[in-house]
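Have a look at the structure first, then read on.

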Amino acid sequence: MTGGSRTPRSAGSCLCGAVRFELTAPLRPAVACHCAQCRKTSGHHAVFTAVPLEALVLTEQQGLRWFRSSEQAERGFCGACGSNLFWKRDGSGRLSVAAGNLEQPTGTRLAGHIFTAYKGDYYGLEDGLPSFPEDDGGKLDGDSGTRQA
Ligand SMILES: [Zn+2]
Ligand SMILES: [Zn+2]
């Protein structure tokens with residue numbers, strides 16, 4: 001995960017600063033995932049954008065920890081402050097990046113909701129954006145390889 005000398009397009013960090021990163025590629029539209037894993041790791045639902053894996057440049061990673069959340073994916077978080085940072089499917093060339101950690105303006109925008117069949121029962125989805133009970137099959141951005149599992 002080295003970015004060479006490419007110019008960062010966006011940057012982000014965890015709450016405490018023990019993980020800081022830059023992203024050297026345009027961000028995919030953000031997608032809100034309401035699956036139980038995203039609910040539990042974020043405390044609500046999680047919103048992820050995504051970039052090619054090689055677009056991630058870690059400028060501080062002393063806090064970065066990875067948790068194997070399923071047989072096919074891992075979640076990156078800060079071991080010091082607990083920020084929910086990354087999601088990566090094994091073997092994928094894409095990295096999902098939790099949008100809330102990005103510096104503003106983020107350059108991305110919420111496109112819709114996925115795995116709404118598993119959403120918390122205490123909130124509604126009234127923003128009018130497309131929503132899918134399971135995976136969206138790539139309909140939100142033409143890229144189905146980066147979804148939560
Ligand atoms: Zn932290
Ligand atoms: Zn999810």
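## Salt bridges and cysteines

Arg68, Glu74 and Asp90 are joined in a network of salt bridges; the term means a side-chain nitrogen of Lys or Arg within 4 Å of a carboxyl oxygen of Asp or Glu. Keep in mind that this is a predicted model, where local features need pLDDT of at least 70, side-chain atom pairs count only at pLDDT 80 or more, and totals for chains, interfaces and linings use all residues. Residues are numbered from 1 along each chain as its sequence is written, chains are lettered from A and ligands numbered from 1 in the order in which they are written, and side-chain values use heavy atoms, with hydrogens and water left out.

How many salt bridges does the rule give? The count is two, and here they are:

| Pair | N to O distance |
|---|---|
| Glu74 and Arg68 | 3.8 Å |
| Asp90 and Arg68 | 3.1 Å |

Asp90 sits in the loop between strand E8 (84–89) and strand E9 (94–98), while Arg68 is in strand E6 (residues 64–70), so this pair ties together parts 22 residues apart in sequence. Strands here are DSSP runs of at least two residues (E), numbered from the N terminus.

What about exposure? Buried means under 20% relative accessible area, exposed over 50%, and partly exposed in between (1.4 Å probe, protein chains only). Arg68 is partly exposed at 41%, as are Asp90 at 36% and Glu74 at 25%.

On to the cysteines: Cys14 is buried at 4% relative accessibility, and Cys35 is buried at 7%. The structure has zero disulfides, meaning pairs of cysteine sulfur atoms within 2.5 Å.

Key
Helices (H or I, at least four residues) and strands (E, at least two) are DSSP runs, numbered from the N terminus.
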